[in-house]
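Please examine the structure shown below before reading on.

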Amino acid sequence: MNSESKSKNVHRTESFFFKYILSSCAASVAEIATYPLDITKTRLQIQGETALNKCNACSAGLKSRGMFHTAFGIVQEEGLLKLWQGVTPAIYRHLVYSGCRMTFYEMFREKLLKPNSNGAPALWKSVLCGSASGALGQFLASPTDLVKVQMQMEGRRRLEGYPPRVRSTWHAFQKIVTESGIKGLWKGWVPNVQRAALVNMGDLATYECSKHFMLRNNLKDNWLTHMLASGCSGLIAATLGTPADVIKTRVMNQPLDSNGKGLFYKSSIDCLVKTVQEEGFMALYKGFVPIWTRMAPWSITFWVTYEELRRLSGVSSF
């Protein structure tokens, strides 16, 4: 292979779109493997908000459950496969969200991040790039997240005696557009983007900084280092992102009036205030255990898969 061919091959493997495909594939693998924890987290976050519903007869019979009881209840009351209800829009989301956040981060990093004297990236620049890439990627993927949240709650709604809202992923998209127009697909996008900015601030910045720290301390750039760094990033991302995730889930799942406005909350700030006033500050961390329990294996699965795909494809390590 001559030097010109090698140059073209390197350009292809290091291109924006090639990395986009690799990150989307790795995210899809991680999403399918850990999805049951995500639906458990969503069900936990909705608990408690029935006090806002005027139908006391409907809410009186609902019991507060923990993580394991919620997951077991889904299997017992709805069936094992319901643990993956909504996984299709979740994968669609990551085809947009993860592909964008990873490639945008690398693009921002090349333009803005200049390493310190020890070869590591500046922390504040990693935080800034992680927040910006996560927010932008999530804004583009917000419609798929809205559909995912609504489909995750369908089994619970039917058990409570409510009629089904959606039959499939595409029916959910059509129903939202019919009722609220194209802009309705971005319902709850503000808390969604806020959460993504916080999560990626913790995930991307922590992964890169902790990986460089380990490499400087004689660890090799292999799967073990990737696992350790991703474990750290998952914990920080869960801690920063859980409150915004609770608000996002509640805003997206609330019923709408005839004008397409939420019946429970006027905005993400209104949701935040009402949640704290009626359920206490710790309600903002409802679902933290399944979020972290999911985010840790999700992060490990994603980063190890992504780094391995990059290695096998001839792309430089992240």
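The helices α9 and α10 are roughly antiparallel to each other (an angle over 145 degrees between their axes), because they pack at an angle of about 170°. Their axes, lines fitted to C-alpha atoms over the stretch in contact, are 8 Å apart. The contact of α9 with α10 comprises 17 nonpolar, 10 polar and 5 charged residues.

The model is predicted: local features need pLDDT of at least 70 and side-chain atom pairs 80 or more, while totals for chains, interfaces and linings use all residues. Residues are numbered from 1 along each chain, and side-chain values use heavy atoms, without hydrogens and water.

Asn-218 lies in the loop between α9 (189–216) and α10 (223–253). This residue is exposed, at 74% relative accessibility (exposed means over 50%). Its phi is near 75°, a positive value in a residue other than glycine.

The structure holds 20 aromatic pairs, in which ring centres lie within 6.5 Å. Planes under 30 degrees apart count as stacked, and over 60 as edge-to-face. Two of the pairs are listed here.

| Pair | Type | Centre to centre | Angle between planes |
|---|---|---|---|
| Phe-264 and Tyr-265 | edge-to-face | 6.0 Å | 80° |
| Phe-302 and Tyr-306 | stacked | 5.5 Å | 15° |

Phe-264 is buried at 12% relative accessible area, and Tyr-265 is buried at 3% (buried means under 20%). Phe-302 and Tyr-306 are also buried; both lie in helix α12 (residues 288–313), 4 residues apart.

Definitions and conventions: Helices (H or I, at least four residues) and strands (E, at least two) are DSSP runs, numbered from the N terminus. Buried means under 20% relative accessible area, exposed over 50%, partly exposed in between (1.4 Å probe, protein chains only). Axes are lines fitted to C-alpha atoms, for helices over the stretch in contact, and angles run from 0 to 180 degrees between N-to-C directions. Angles under 35 degrees count as roughly parallel, over 145 as roughly antiparallel, 65 to 115 as roughly perpendicular and the rest as oblique. Ala, Val, Leu, Ile, Met, Phe, Trp, Tyr, Cys and Pro count as nonpolar, Asp, Glu, Lys and Arg as charged, and the others, Gly among them, as polar.
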